[in-house]
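Let's walk through this model together, one question at a time. Keep the viewer open as we go.

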Amino acid sequence: MKKPGIPVDEQSRLKTLRSLAVLDTPPEERFDRLTRMAKRLFGVPIALVSLVDENRQWFKSCLGLQASETPRDISFCGHAILGDELFIIPNALEDERFVDNPLVVGEPHIRFYAGCPLKAPDGQMLGTLCIIDREPRAFGTDDLEALVDLASMVEREFSAIQLATMDDLTNISNRRGFTVLAQHSLNLCARDSIPAVLVYIDLDSFKPVNDRFGHAEGDRVLALFAENMKRTFRGSDVVARLGGDEFAVLLTNLTIEVAEDVVARFHRSLDGAIELGGEGYDITFSHGITEFDPASHSDIEALLADGDSLMYKAKQARN
């Protein structure tokens, strides 16, 4: 048996997958409808919407199987997400990668597999829409096109979900997306004793920008501020617009002293980053920075509350 490889952008892929906040959620009709269509259209006993997590493939929609997940290292879908094209196994017993796979020699006795990779809007692979038969079979051009069409419909549903976790103005996580991603990071930090620091940010004197120059200019400032955040902080940091002119960053595997230096660098990076034609104003911010303590921060909301309180005190001290 050949275990599936790991994509080169695996950490980014997992970050996108988790940002959807769909893992381990109940079945939804919008996905079950599409697996029913696939099962009926191709006349197969099994149809799945499979999401490939770090160590498993988990089924958002599952027809024909009792299991809700299987290990990633024996999954067919783990192989499928390594490429952009349909992954087809006409007869698993004639394929050396799968002939002794537990899912082939045992239940559900897979012989035929066809999986179409599912992409998030940012291009990251999430999993597959796949169909499975217990008998070998051929798969023609019309079949390929039909499965791709159904997979596109599944992708549109995931796109709709992602829109609910992303801020459309700044193209970074919104509060819902942030809480999902940040909570996952905190769980890992608590388990492995890794330090984490939250920075709670509020723009100073932002309302006068809207009042004087209009909301279009205010939106431009927010978008540019977020873009500068993405350039300054690491790709592994969780960056979000919580709402209005409030932002947050969760930095992992950094001490609070190093995090303060990063925030100071971010302050300096704003000089000249936002320019007005013929008019001028400074974009500054107040922030509260707090270190994650598993004993006192039961979840990300508790950490946000502490950061918000410290930010408010800093803002009051500036006035």
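Q: At roughly what angle do the axes of helix 8 and helix 9 cross?
A: This is a predicted model, and in it helix 8 covers residues 215–232 while helix 9 covers residues 256–269. Their axes come within 10 Å of each other. The angle at which they cross is roughly 135°.

Q: Which word describes how helix 8 and helix 9 lie to each other, oblique or roughly perpendicular?
A: The axes of helix 8 and helix 9 cross at roughly 135°. Angles from 65 to 115 degrees count as roughly perpendicular and those over 145 as roughly antiparallel. Helix 8 and helix 9 are therefore described as oblique.

Q: Is the crossing of helix 8 and helix 9 left-handed or right-handed, and which residues of helix 9 make the contact?
A: The handedness of the crossing of helix 8 and helix 9 is right-handed. On the helix 8 side, the contact is made by Phe225, Asn228, Met229 and Thr232. By class, this contact has 4 nonpolar, 3 polar and 1 charged residues. From helix 9 come Val262, Arg265, Phe266 and Ser269.

Q: How is helix 6 placed relative to helix 10, oblique or roughly perpendicular?
A: Helix 6 spans residues 175–192 and helix 10 spans residues 300–318, with axes that come within 9 Å. The two axes cross at roughly 110°, and the range for this class is 65 to 115 degrees. So helix 6 is, relative to helix 10, roughly perpendicular.

Q: Which residues in helix 10 does helix 6 meet?
A: Helix 6 brings Arg175, Phe178, Thr179, Ala182, Gln183 and Leu186 to this contact. By class, the contact has 6 nonpolar, 2 polar and 2 charged residues. The partners in helix 10 are Ile300, Glu301, Leu303 and Leu304.

Q: Which residues of helix 6 make the contact with helix 1?
A: The axes of helix 1 and helix 6 come within 8 Å and cross at roughly 125°, and the crossing is right-handed. Helix 1 and helix 6 are therefore oblique to each other. Helix 1 contributes Lys15, Arg18 and Ser19. Helix 6 answers with Val180, Leu181 and His184.

Q: Which residues are the closest to the centre of the largest pocket?
A: The largest pocket has a volume of about 1200 Å³. It is lined by 40 residues, which by class are 13 nonpolar, 16 polar and 11 charged. The closest to its centre are Gln11, Lys15, Thr16, Leu181 and Gly235.

Q: Where does a cis peptide bond occur, and what is its omega?
A: Most peptide bonds are trans. Here, Pro108 sits in the loop between helix 4 and strand 5. A cis bond joins Glu107 and Pro108, with omega of about 5°.

Q: Which residue has a positive phi although it is not a glycine?
A: Most residues other than glycine have a negative phi. The residue in question lies in the loop between helix 1 and helix 2. With a phi of about 60°, it is Ala21.

Definitions and conventions: Residues numbered from 1 in each chain as written. Predicted model: local features only at pLDDT ≥ 70, side-chain atom pairs only at ≥ 80, totals over all residues. Heavy atoms only, no water. Axes fitted to C-alpha atoms, helices over the stretch in contact; angles between N-to-C directions. Helix = DSSP H or I, 4+ residues; strand = E, 2+ residues; numbered from the N terminus. Parallel < 35°, antiparallel > 145°, perpendicular 65-115°, else oblique. Left-handed = near helix turned anticlockwise from the far one by under 90°. Contact = heavy atoms within 4.5 Å. Nonpolar A, V, L, I, M, F, W, Y, C, P; charged D, E, K, R; others polar. 1 Å grid on protein atoms, 1.4 Å probe; cavity = no way out; pocket = protein on both sides within 12 Å on 5 of 7 lines; lining within 4 Å. Points joined across faces, edges and corners; volume = space filled by probe spheres on them.
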